[in-house]
Amino acid sequence: MVQTIINKQNNELAFRLEQFNNLDQFDHLQRKNYYSVILLKSNSFNLKVDFSEYQLNENHIICLSPYQPFMITSKEESSGFILSFHPDFFCTYRHQNEIETEGVLFGNFHGLPFFKLSEEDLFFNLRDQISREMNKDSIAQHEVLVAFLKVFLIESVRLKKKFDKDAVLKFTDRQSEILQNLADAIESNYTTLHTPQEYADMLCVSSRTLAGIVKKYLNQTLTSLITNRIIIAAKRELYLTSKPVKQIAAALGYDDEFYFSRFFKKKVGVSPDIYRKTVGFAKLEKLQAGLL
């Protein structure tokens, strides 16, 4: 069953609830220009997100940002539902003070894009409430759906934080310290330092040791960890502002706008301009100014 609300201004998806009984629609690599939260019930499944691959057991919730490449496959019986929303319907950045979705569910450059589902009934009850509201043709439907979506995301953030905390406990004290120092170093220096060796030197750890810890516990390369943080910052600027790409590139440490655009497209799958046109809020500013 699929329930969809279309944005009447541009005829694109605004909000969708889809229930599924198999993973056929997820068995190939894909990118969507909206957020997706997938609740998946399966004994075992394989998840590919960005350039990482995970073999997971039991039920999980998977959180995907716009244009984040993903694929899900399983030999087991699988079912669940997917909740999708475009930033025009609900802007996670503008509600960041209320709900810490960015950096927890989405855009967590050093975290996992999923968490184990421990409170199944809660999320299925919310799904049913959302479904009933979508069947109505009533006043203030958008406001009601946003309210349900907020509750869904808040509960997801709570469980994801606990999941992340439990995952950290699996590290040794030394490994945990190195990973936290690395995350802090990237957060403070991603606009100026772009190479693994620079961070290894800063932390007084060999680049090989640092890369090994990142690969073992985060299932990423050190290079992807750094570039992920840069891309997250670029997306935010493209998403929320009308700044020229050249200005965004320079602020992130790239003097060559065209090199930066190629770098962004290689990582995201679309150019900065296309990302802004299909995802960003900057187009609203132009609409309001009468430029579109």
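**Figure 1. Burial and overall dimensions of the protein chain.** Of the 292 residues in this predicted model, 53% count as buried, meaning under 20% relative accessible area with a 1.4 Å probe and protein chains only. The C-alpha atoms of the protein chain fill a box of roughly 60 × 50 × 35 Å along the principal axes.

Residues are numbered from 1 along each chain as its sequence is written. In this predicted model, local features need pLDDT of at least 70, side-chain atom pairs count only at pLDDT 80 or more, and totals for chains, interfaces and linings use all residues, while side-chain values use heavy atoms, without hydrogens and water.

**Figure 2. Secondary structure and contacts of the protein chain.** The protein chain has 10 helices and 9 strands, defined as DSSP runs (H or I, at least four residues; E, at least two) numbered from the N terminus. Among contacts (heavy atoms within 4.5 Å) with a separation of 6 or more, 71% join residues 24 or more positions apart.

**Figure 3. The crossing of helices H3 and H4.** The axes of H3 (residues 173–189) and H4 (residues 196–203) come within 10 Å and cross at roughly 120 degrees. Ile178, Asn181, Leu182, Ala185, Ile186 and Asn189 of H3 meet Tyr199, Met202 and Leu203 of H4. By class, this contact has 7 nonpolar, 2 polar and no charged residues.

Note on methods. Axes fitted to C-alpha atoms, helices over the stretch in contact; angles between N-to-C directions. Nonpolar A, V, L, I, M, F, W, Y, C, P; charged D, E, K, R; others polar. Buried < 20%, exposed > 50% of the residue type's maximum accessible area, 1.4 Å probe, protein only.
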